[in-house]
Amino acid sequence: MKVPFLDLKAQYESIRSEVACELQKVLDNTAFAGGHFVEKFEKEFAEFCQCRFACGVGSGTDALWIALLMLGVGKDDEIITAPNTFIATAEAISFAGARPVFVDIDEKAYTINPELIESAITPKTKAIVPVHIYGQMADMDPIMEIAGSKGLMVIEDACQAHGAEYKGRRAGSIGDAGCFSFYPGKNLGAYGEAGAIITNNEELAEKIRIFRDHGQAMKYYHSIIGWNARMDGIQGAVLSVKLRHLEEWNLARRKNARLYNQLLEDIEEITVPFESDYAKHVYHIYSIRVDNRDELIKALTQKNISCGIHYPVPLHLQDAYKSLGYSKGSFPVAEKCAEQIVSLPMFAELTSEQIETVSNEIKSFIEN
Ligand SMILES: Cc1ncc(COP(=O)(O)O)c(C=O)c1O
C-alpha cells in the first residue's frame, strides 16, 4: 500500500466546493492584495487563537521577522531560541539584525529546555523565541517567568502549532506575539504562501499593520519605512474556509497519533512522541526516534511509504551559521535527536489501514 507523507489532494477534495465558492467571491470583488477577505480571516483567526489581534502577512518567515522588528529587536541584540527548528526561526532573528543564541532542548518534548535558558542570558539578551516544534507547545510557564524576571520579550514561533494548547491556552497567545506560517503543508495551510502574527497588544498590532503595507495607514502617506508583506486576498479566503475545519482536522491527527502510539510504543527500539501533561499536541509532525534511522527510511521507501526528517542538521551546525562559533557537542540533546528522528506520514485523512501498514513495516524492519 502506498502511504504518502502528506496528501493535500485528499484534503482539497473534502472542501472543494466550499473553496470554489469563496474563491469566486474574491475574484468577483477583485480583492487580491489584503482587503476584506484578509480582514475577515484575521478576525476569525484571532478568535480561534484566544487573542485580541491577528495580522496577516506574506509568510511565517515574514511573521517572525516583522514581530521581532516591531518589538524593537535590532543590532547587537541576542535572541534565545532552540537549534532544532526550521532555519526561518534563526533567519528572522538574523535579518532583524540580531544574533541567535541557541539553548538545548528537552529530551522528551523536543522543545527548548527552560532550565538551560538562564545561563544563556547576557546583558545583550532581548527576547526568547520558544518554538512549538512538531505541534507541541514549549513549557511556557517557566519561560514567561524567566522572561518576566529578566525583562525579556517572548515571541512564540507557533508556525507548526495551529490550535495547540498549553494548560488550555492556545499557541501564540501567551507571549508578546505569536507567529504562524500557513505554508500549504501546515495544519492550517494556504494555497500559496501566507503567515500571521497574533498579539494582545493593540499598539503592536497597529504597528505591524502599518509596516506590512509600506509603512502607510492611509494610501501614499508613509509614517515609517515599511515593507510589502501583505497577505493575498485569495489566501485569506482559503484560510477562512479551512479554519472552519481545523478543530476537526487536529482531532483526527491526535487520533492518528494515538493509533501509531498504540502500535509502536511496545517496540523497545522505537521512541514514540511524548505529549507533556500541560499540552494539547496537534501533531503537525509525528516523529519517532530510532538508532538506525537511515536504514529504516530506506526500508519504508522501498515499501512505498514516504517519510521525512525534521530536521537532519540542527541550526548551530549549519554552514549558514558557522560564524556563531558553535561546534558538534554544543547541544548534545538536539544533536542526538537530529540523528535519530524520522517523521512518519501524518495528516487528518490518513486511514487506520495506512497507519497499520506503516507500523507493521516498521515492526518487520526492527525484527529483521
Ligand atoms: C518552526 C517554523 N518556523 C518558521 C517557519 C517559516 O514559515 P514560512 O515557510 O511560512 O515562511 C516554518 C515553516 O516551515 C516553521 O516550521
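**View 1. Helices α3 and α4 in the shell around the ligand.** Two helices, α3 (60-70) and α4 (88-95), each bring at least two residues to the ligand's shell; helices here are DSSP runs of H or I with at least four residues, strands are E runs of at least two, and numbering starts at the N terminus. The top contributor is α3, with 3 residues. A quick note on what you're looking at: this is a predicted model, where local features need pLDDT of at least 70 and side-chain atom pairs count only at pLDDT 80 or more, while totals for chains, interfaces and linings use all residues. Residues are numbered from 1 along each chain as its sequence is written, and side-chain values use heavy atoms, with hydrogens and water left out.

**View 2. Who surrounds the ligand.** The shell has 15 residues, with Gly60, Thr61, Asp157, Ser181 and Lys186 the closest (near means a heavy atom within 4 Å). Sorted by class, that's 6 nonpolar, 7 polar and 2 charged; Ala, Val, Leu, Ile, Met, Phe, Trp, Tyr, Cys and Pro count as nonpolar, Asp, Glu, Lys and Arg as charged, and the others, Gly among them, as polar.

View 3. A ligand oxygen sits 2.4 Å from a side-chain N or O atom of Thr61. At Gly60, a polar backbone atom is 2.8 Å from an oxygen of the ligand. Asp157 puts a polar side-chain atom 2.8 Å from a ligand nitrogen. Of the 380 Å² of accessible area the ligand has on its own, the protein covers 92% (Shrake-Rupley method, 1.4 Å probe).

**View 4. The largest pocket.** The ligand takes up the space of this one (more than half of a molecule's atoms must lie within 2 Å of the pocket's grid points). The largest pocket's volume is about 470 Å³. It has 27 lining residues, and Phe86, Ser181, Tyr183, Lys186 and Tyr311 are closest to its centre. Pockets are open sets on a 1 Å grid over the protein atoms alone, for a 1.4 Å probe, with protein on both sides within 12 Å along at least five of seven lines; lining residues have an atom within 4 Å of a point. The lining splits into 12 nonpolar, 11 polar and 4 charged residues.

**View 5. The second largest pocket.** This pocket holds about 350 Å³ of space. Among its 21 lining residues, Val38, Glu39, Glu42, Arg209 and Arg212 lie nearest the centre. Two or more lining residues come from each of α2 (36-48), β1 (53-57), α6 (202-211) and β10 (216-218). The largest share, 5 residues, belongs to α2. By class, the lining has 8 nonpolar, 4 polar and 9 charged residues.

Notes: A polar contact is a pair of N or O atoms within 3.5 Å; within protein, one must be able to donate a hydrogen and the other to accept it, and residues adjacent in sequence count only if both atoms are side-chain atoms. Grid points are joined across faces, edges and corners, and a volume is the space filled by probe spheres set on the points.
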